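Please brief me on this model. Cover the sheet, the helix packing and a few backbone and loop details.

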Amino acid sequence: ASQSVMKTCFDAVNCLLAPVLSFTTEEAWGHAGHRSSVHLELFPEVSEDLRDAALESQMEEWLRLRGVVYQEAIEPARQAKTITKPLEALITLTAPAETLARLEPARAELEEFFIISELRFEEGSEISARLEKSSHAGCERCWRLVPDVGETHLCDRCSTAVAGFVPAS
């Protein structure tokens, strides 16, 4: 099943990139075992079976929130030279209680999505964002400024990832 999904994704991406990367996609298409040219293929159609309305709604909300975070907090702080990159930011997001209830379980994902080191929530009537420069040490692997950076100069998450890595000999 995973190979079928990968083939479908490869074919779709290759067809979509063909007008831009004509020689590269043609070569990749041939290596994938196709006999005809990628330039004779039609663009892929969206399958309604694969659409997830709840996920689309969540992504629209996250994109709106990211817009607020960047417009109200990150870009003004960059221009004022308070921060040089978003990963130096500790963002406090103010929102109504029902919004916060939806966002709280996804805090770690939102930190990644907003490209910030730390996200805090605060209840309020309107959505707004406030920035503080993080005072934590930076992880040398993921570059996030978080409180759990240890003696190895890695955060707990990166320490766990590195501990499972066995270098090739």
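In which loop does Ile115 lie? Ile115 sits in the loop between α5 and β2. This is a predicted model, where local features need pLDDT of at least 70, side-chain atom pairs count only at pLDDT 80 or more, and totals for chains, interfaces and linings use all residues. Residues are numbered from 1 along each chain as its sequence is written, and side-chain values use heavy atoms, with hydrogens and water left out.

Helices (H or I, at least four residues) and strands (E, at least two) are DSSP runs, numbered from the N terminus.

**Sheet**

- Three strands make an open sheet, ordered β2-β1-β3, with mixed pairing.
- The edge strands are β2 (118-123) and β3 (128-133), and each pairs on one side only.
- From one strand to the next, the twist averages 25 degrees.
- Two strands pair if DSSP finds at least two bridges between them.
- Strand β1 (residues 89-95) runs parallel to β2, and six bridges join them.
- β1 also pairs with β3, in the antiparallel sense, over six bridges.
- Thr94 faces a residue in each of the two other strands: Glu122 stands opposite in β2, and Ser128 is the bridge partner in β3.
- Thr92 has Arg120 as its bridge partner in β2.

**Burial of β1**

- Seven of the seven residues of β1 are buried, where buried means under 20% relative accessible area, exposed means over 50%, and partly exposed lies in between (1.4 Å probe, protein chains only).
- Both faces are covered.
- One side of β1 carries Ala89, Ile91, Leu93 and Ala95, and the other carries Leu90, Thr92 and Thr94.
- In a regular strand the side chains alternate between the two faces of the sheet.

**Helix packing**

- The axes of α3 and helix α5 (residues 107-114) come within 10 Å and cross at roughly 60 degrees.
- Axes are lines fitted to C-alpha atoms, for helices over the stretch in contact, and angles run from 0 to 180 degrees between N-to-C directions.
- α3 and α5 are therefore oblique to each other; angles under 35 degrees count as roughly parallel, over 145 as roughly antiparallel, 65 to 115 as roughly perpendicular and the rest as oblique.
- The contact (heavy atoms within 4.5 Å) draws on Met59, Trp62, Leu63, Leu65, Arg66, Val69 and Tyr70 of α3.
- From α5 come Glu109, Leu110, Phe113 and Phe114.
- The residues of this contact divide into nine nonpolar, no polar and two charged.
- Ala, Val, Leu, Ile, Met, Phe, Trp, Tyr, Cys and Pro count as nonpolar, Asp, Glu, Lys and Arg as charged, and the others, Gly among them, as polar.

**Positive phi**

- Ile115 is not a glycine, yet its phi is positive, at about 60 degrees.
- Ile115 is partly exposed, with a relative accessible area of 43%.
- Trp143 is also a residue other than glycine with a positive phi, near 70 degrees.
- Trp143 is found in the loop between β3 and α6.
- Trp143 is exposed, at a relative accessible area of 56%.

**His153**

- Where is His153 found? His153 belongs to the loop between β3 and α6 (156-163).
- His153 is partly exposed, with a relative accessible area of 43%.
- His153 touches Gly138, Cys139 and Glu140, not counting residues up to four places away in sequence.
- His153 and Glu140 are 13 residues apart in sequence, and 5.9 Å apart in space, C-alpha to C-alpha.
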